[in-house]
Amino acid sequence: MKTRITELFNIQYPIIQGGMIWASGWRLASAVSNAGGLGLLGAGSMHPETLTEHIRKCKAATDKPFGVNIPIMYPEMDKAIEVILREGVKIVFTSAGNPATYTSLLQKGGIKVAHVVSSSKFALKAQVAGVDAVVAEGFEAGGHNGREETSTMVLIPAVRKVLNIPLIAAGGIATGSGMLAALALGAEGVQIGSRFVATTEASVHPNFKERVVAAGEGDTELTLKELAPVRLLKNGFYKEVKELYNTQQATVENLKALVGNRRTKQGMFEGDVEQGELEIGQVASLITQVQSVKEVIDEMVVEYRRSIKKLPH
């Protein structure tokens with residue numbers, strides 16, 4: 001499978017693992033890279049010293065390319081950039097912020113930079129900022145999302161029309177046929193988050209993995225747009241959020257007070273699946289079991305090739 005994305009990152013398959021907070025430690029990232037994709041460490045939930053440890057362990061666990069995801073709006077990301085430059089990381093995916101913030105600094109250090117966007121407008125801004133690739137993430141995605149609610153099937157061809165640089169599709173992709181659809185729409189690679197949450201190597205709590213596997217259609221909702229849009233599994237915490245909206249009390253101040261600063265850790269890492277914040281994509285309804293990363297990627301590649309053969313000629 002050769003695309004501009006496989007050539008840019010020197011990987012076997014155009015499959016990039018999302019750099020998800022609390023899920024994307026060195027075990028997950030190295031496993032994805034070893035299986036032929038591109039693994040990403042999720043710096044958003046790591047202090048600088050923790051990120052340093054995970055980078056070094058990832059280097060010891062794989063001789064394949066891997067990278068780090070930097071959510072720009074998170075605290076300590078300037079220190080994370082210092083760690084990345086010092087430790088010789090070669091690939092960085094930035095998100096949740098202005099791509100111009102770190103792109104030129106990283107590229108001067110010989111680092112390939114991709115930036116995550118949710119619209120054609122922001123894709124163009126990322127291209128102007130000089131990034132090497134863009135990830136266009138549709139409404140279906142878990143974690144932080146766009147306010148526009150543009151679905152992946154609409155977003156990818158729209159972004160492809162205005163973009164010259166390599167394009168990666170994200171949001172609602174967890175299967176080989178989904179990957180084929182994304183490439184048919186104009187993407188040259190896919191970024192997958194939710195499917196890798198339900199793997200043995202993901203560092204989230206087993207309780208969260210079980211909730212992901214059990215999720216059905218309609219069990220997630222995009223909310224908290226007043227803060228930063230995020231797709232949540234419906235649980236006790238979600239109901240509290242919904243109540244603020246239903247009673248017209250969903251002010252920025254009230255939402256911040258409810259969310260606090262550790263809800264995601266409480267739910268995804270510590271396993272409190274009722275009162276914690278559980279971020280996951282709509283595609284959770286297609287995930288039916290916890291598997292190893294290698295099993296996931298192998299299945300995707302086989303299904304991708306079978307799907308091509310099934311298409312009418």
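This report walks through the overall build, the surface and the salt bridges of one protein.

## About the model

The structure is a predicted model, in which local features need pLDDT of at least 70, side-chain atom pairs count only at pLDDT 80 or more, and totals for chains, interfaces and linings use all residues. Residues are numbered from 1 along each chain as its sequence is written, and side-chain values use heavy atoms, with hydrogens and water left out.

## Overall build

Let's start with the whole protein. It contains 14 helices and 11 strands; these are DSSP runs numbered from the N terminus, with helices being H or I of at least four residues and strands being E of at least two. The radius of gyration is 18 Å, close to the 20 Å that the globule rule gives for 313 residues, so the protein is as compact as a globular protein of that length. (This radius is taken over C-alpha atoms, and the rule is 2.2 Å times the number of residues to the power 0.38.) Along the principal axes, the C-alpha atoms fill a box of roughly 50 × 50 × 35 Å.

Of the 313 residues, 57% are buried. Here buried means under 20% relative accessible area, exposed means over 50%, and partly exposed lies in between (1.4 Å probe, protein chains only). The accessible surface of the protein comes to about 13,400 Å², and 51% of that belongs to carbon and sulfur atoms; the areas come from the Shrake-Rupley method with a 1.4 Å probe, and for residues only the protein chains shown count as cover.

## Salt bridges

Now for the charged side chains. The structure holds 11 salt bridges, each being a side-chain nitrogen of Lys or Arg within 4 Å of a carboxyl oxygen of Asp or Glu. One of them joins K225 and E149, whose closest N and O atoms are 2.5 Å apart. K225 sits in the loop between β10 (220-223) and β11 (230-233), and E149 in the loop between β7 (143-144) and α7 (152-162), so this pair ties together parts that are 76 residues apart in sequence. K225 is partly exposed at 26% relative accessible area, and E149 is partly exposed at 39%.

R160 and E188 form another salt bridge, at 2.7 Å from N to O. R160 belongs to helix α7, while E188 lies in the loop between α8 (176-184) and β9 (189-192), 28 residues apart. E188 is buried, with a relative accessible area of 12%. R262 and E270 also pair up, at 2.6 Å from N to O. R262 is partly exposed at 39% relative accessibility, and E270 is partly exposed at 37%. Finally, salt bridges with shared partners join R4, R160 and E188 into one network.
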